[in-house]
Each structure stands twice: as structure tokens, then as C-alpha cells.
Amino acid sequence: MASARSLLLLGGALRPTGAHCMEQAEERGLDVILADTRENLSKVPELVERAARTVELPYADVEATVAWAMRQKEAGQEFLGVYGTRETAAESVAAVAEALGLPGNGRAAVRCIQDKFACRAALAERGFRQPPVARCSSEEEIRAFLAAHRPGPWIVKPPTGRGSAGVSLVRDESDLAAALVHLARARRELREELVGQGMDMAADEPTEAALAGDVLVEGFQTGEEFSAEGVFVDGVPRLLAVTAKVTTGAPHFIELGHAMPADLPPGAQADVASTLERALPALGLSWGVFHVEFWLERDGGIVLGEVHVRPGGDYIHVMAQHITDTQMHGAVFDQFLGKPVDVSGWGARRAAAIRFLTPPAGTVTAVDGWAEVAASPHLLAGKLALEEGSETAPLKSSYDRSSFVCVTGATLQEAVDTAERLAASVKIEVTPAAAAADGPGDCF
């Protein structure tokens, strides 16, 4: 039986985040109980060996996870806390914390922010600037929204999800059919992912409903897009870093790179911190780490986008910890232990940037130049998942990016220049694939 200093890590069989969680937990004398699916656990034998205990668990199935946790409690297992870093673990983390009386965000609050429409509505009701938005259950409802909010453009996307999957810009009504086909394809892929993670789709009615039909339509948000990374300390969201983004632009806005600390106008970072300190508690959030997307408009106004109680993906969490010399997960673990967290020294000491390698769709015939990347003294992390014979997919979402270069630098410009130079030095030759037709849209 694990000790009363046991940390339940749900969905933690993940590189590099799982390793960071374990390292920072071990520094504090915590025993990590690693709970994840059999498939995920099989991919990280080094984390399985390192954990005090591993459990095969469909962590994305909230009710099954809570039932397991309650059985552990009845058997005498004590948990100091429950934690997770995947989006698909967020509700399970909240539900287990509620069921066991542990620190955490309420399950209702987490469900709200995972529903993009509900989150936007909640922010608007509390006085935060938001674009017009509607949840539509038919093409007729979508067209009615477009007609009521001309001249556009608009964004069409799923009400749940991540990684820009299913997102499309609709400039006029002629773009709508293609956007719905794109969304339907993303919805099928998300269903396959959740089933693969062990979720019982029939037992989770909200998720099944979101996958089956509803479509989110909102006014296109102008301004420059960023994300905010931070940690709740004593219930207050504390900003650690702001991330600048590079995307493909319209129509799908897939992220090609990130850099931090973002070069914001004077006073903007303080405004972002103040907005978060008001908005996140207003949504009922008070625990863990956060990753919040936002836009900075020309008039200096801040428009909040998607809100997450997990670290930012795409190695954003790695860069944030590196440039600030701060342990994000450790700051949460200290609070589990009742230790104070001093935020007075938080701030960027250096910079970091990441760029993804995005060759065209087809068959890879040659790859050259990775040796320069691997030898760079600026390299924080990198991955080359392509070789001769690899098949590359069309860039439909963040999940179609397999390789990247992540670097550090003394300044933001130095980090960006280095990341772009190293990414460009990798030459990937591809024989283009024949264009594949999308299947019919089945959103409704």
C-alpha cells in the first residue's frame, strides 16, 4: 500500500510532461501512482519503472475513474492529491478530487471550460469581452447566425476539442460546406482517439452529444493571438509567461511555432495578469496550472479564448519552466503539502522558441540536416519522426505535425532566429501524394 504522501497522476504516461511531474514529485518525497491506459503505459517503460505503483485505468472515463478511486479509499489507500496534465484527464482529476475531498477545481467548472460555448457564455455574462457566438444543431441555424452577424468572417469549430482540429474560417456562405466537411472529419478522428483511451462513449452523454452534432459558430476575433501560462497560488492565478504564436492562418489556423516571453506593448502583461486574476476565479477555477488563449486587440483590449487547467502543449510547458527557472508542477505539489509558494521571483531570465517541421503530404524520399540540429548548443528539445519511406499527412490539425526544433536564447529574437534557422536546415524531400477527397459531412 502506498503512503499518505501518494500523488495520483492521471493520464501521466506521457513524455516529457510525465517525467517532469515525477521528477518534481520525487524532489518533494512524494510517491507517484501512475494511472493510465495499457497502451499509453506500454510506451513509457521508464516512467512505469520509476512510479511507486502503476494502474491500468481508462482515465478519460470519468465515472470509471471515480469508482476506482473510491474503491482505493475503501481499501485504505490515502492520497495527498490528484493531478493530471492531459486535456482528456482534466474532468477526471476534478471529479476524483471532489469525491475524495482533495484540493482541486470543481467538476462543474471544468466541464464548463471544456465546453467552448459554455465558457464563452460564462465569460460574457461576467462582463469579459467576447465575440458573438452560438451553438448550432443544424445547418439552418448556422446560416441564420451568419445572416444575423454580417459581414463576417466567422469561425466554425467543434464545441469541444483541441489542437485546432475541425476549426475553419468562413469568409462567406460559400465556404460553409467545406468547413462542415472538415469538422466532420475532425469529429471522427476525436472519437477514435477517445475510444482508444478507453472512454465508454455510451456512458458519457455530454461528450457523445458534442461528437454527434453540435457546431460552434462565432465571429472571427481580430487582434494578435497569445497564450498565458501560469499556476494558481493560494487560489489566485499567477502569470508565469506569455507565449507568442505563429499559425498557418486561414482557414484552419494550425500552430506552426511558439516563442516566449512574448514581446507585448507596454503595460499589456500587467493587464493580462489582472484579467486572468478576475476571470479564472469568476469561472470557478482556483487550483493547478493553467493555459489560457487570448487576443490583444488594437485598442489594447483583451479577449479571452479557450481556458485550460493543464499545462500548454507543444512544449510550451517546457519553455515556460526553462525561461523562468520555475517548476510549474512542483508549485502545485508544494500546495498539496501545505508549503508556501513564493511568486515574487517569477519572471523571464532568458527566451525560448519552437518551430515545427511541416513538409507537404506524400512519401518522404530523403531527410538531411538533422545533425546540425542535434549538435546545436541552443537545443532544448527536438524530434525527427521522419525518414525515407515515411508517409506525411496533409496538415489538418496540430496532430499532423510530427517533428520539431525547440531552442533557447538570451533574447526572444535570438531564440526565434535560431529555431527558424535550425528548422530550415532540415531538408525533407517528399513525393507528393494524390489529393484525397474528404468524405461527406455528417455533423448533423
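Trainee: How many helices and strands does the protein chain have, and how are they assigned?

Mentor: Helices (H or I, at least four residues) and strands (E, at least two) are DSSP runs, numbered from the N terminus. In this predicted model, the protein chain has 15 helices and 19 strands. Its radius of gyration is 22 Å, close to the 22 Å that the globule rule gives for 444 residues, so the chain is as compact as a globular protein of that length. The radius is taken over C-alpha atoms, and the globule rule is 2.2 Å times the number of residues to the power 0.38.

Trainee: What is the strand order in the open sheet of four strands?

Mentor: Strands of a sheet pair through backbone hydrogen bonds, either parallel or antiparallel. Two strands count as paired if DSSP finds at least two bridges between them. Here the order is β5-β8-β6-β7, with antiparallel pairing. The edge strands, each pairing on one side only, are β5 (133-136) and β7 (168-170). From one strand to the next, the twist averages 25°. Strand β5 is joined to β8 (residues 215-219) by four bridges, and Arg135 has Leu216 in β8 as its bridge partner.

Trainee: Which strands does helix α8 lie across?

Mentor: Contact means heavy atoms within 4.5 Å. Axes are lines fitted to C-alpha atoms, for helices over the stretch in contact, and angles run from 0 to 180 degrees between N-to-C directions. Helix α8 (residues 139-148) lies across β5, β6, β7 and β8, at about 5° to β8. Helix α7 (residues 116-125) lies across β5, β6 and β8, and runs at about 150° to β5.

Trainee: Where do α4 and α5 meet, and at what angle do their axes cross?

Mentor: The axes of α4 (residues 62-74) and α5 (residues 90-100) come within 9 Å and cross at roughly 35°. Among the residues in this contact are Val66 and Met70 of α4, and Ala95 and Val96 of α5.

Trainee: Is strand β11 mostly covered or mostly uncovered?

Mentor: A residue is buried under 20% relative accessible area, exposed over 50%, and partly exposed in between (1.4 Å probe, protein chains only). Five of the six residues of β11 (residues 255-260) are buried, and the strand is mostly covered. Four bridges join β11 to the antiparallel strand β10 (residues 236-247), with Thr247 opposite Glu255. Four bridges also join β11 to β14 (residues 351-357), again antiparallel, and Gly257 stands opposite Arg355 there.

Trainee: Which peptide bonds are cis, and which residues have a positive phi although they are not glycine?

Mentor: Most residues other than glycine have a negative phi, and most peptide bonds are trans. Another joins Met260 and Pro261, with omega about 0°. Tyr315 has a positive phi of about 65°, and this residue is in the loop between β13 and α12. Asp325 has a positive phi of about 55° and lies in the loop between α12 and α13. At 52% relative accessibility, Asp325 counts as exposed.

How values were computed
Residues numbered from 1 in each chain as written. Predicted model: local features only at pLDDT ≥ 70, side-chain atom pairs only at ≥ 80, totals over all residues. Heavy atoms only, no water.
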